Amino acid sequence: MINVLFFAQVREQLQLSHLLVPANEAIQTADDLRLHLSQKGDKWAKALEFERLLVAVNQTISQWDTLVQDGDEVAFFPPVTGG
């Protein structure tokens, strides 16, 4: 299983803080996982839009082509702006 975490606006839009996703051959990268979850419906697709999202794999900010596997933790969150 891949432990998926949602933070800030993503969490608010989905009304969900985490989710377990079975690891499978179709989910090889962080972006594969994002696309898989986006197919759950319009709310998911909007919350997980590529342009408005960052990803961390195992608590390290990562690129979308970062490989993911069974047992990994993947977090989706919006970019943070300072002030």
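## The core

A nonpolar core here is a set of buried Ala, Val, Leu, Ile, Met, Phe, Trp, Tyr and Cys residues joined through side-chain atoms within 4.5 Å, where buried means under 20% relative accessible area with a 1.4 Å probe, protein chains only. This is a predicted model, with local features needing pLDDT of at least 70 and side-chain atom pairs pLDDT 80 or more, while totals for chains, interfaces and linings use all residues. Side-chain values use heavy atoms, without hydrogens or water, and numbering starts from 1 along each chain.

The largest nonpolar core has 20 residues, and Val4, Phe6, Leu33, Leu37, Leu48, Val74 and Phe76 have the most contacts inside it. At least two residues each come from β1 (2–6), α1 (8–14), α2 (30–38), α3 (42–47), β3 and β5; these are DSSP runs, helices being H or I of at least four residues and strands E of at least two.

## Helix α2

Which residues of α2 are buried? They are Ala30, Asp31, Leu33, Arg34, Leu37 and Ser38.

Take Leu33: leaving out residues up to four places away in sequence, Leu33 touches Ile2, Val4, Val21, Ile27, Val74 and Phe76 (contact is heavy atoms within 4.5 Å).

## Around β3

Strand β3 (residues 54–57) runs antiparallel to β5 (residues 73–77), joined by four bridges; pairing takes at least two DSSP bridges. Leu54 sits opposite Phe77 in β5.

Three bridges join β3 to β4 (residues 60–62), also antiparallel, with Ala56 partnering Ile61. β3 and β4 make a hairpin with two residues between them, and Asn58 in the turn has a positive phi of about 55°.

Technical notes
Buried means under 20% relative accessible area, exposed over 50%, partly exposed in between (1.4 Å probe, protein chains only).
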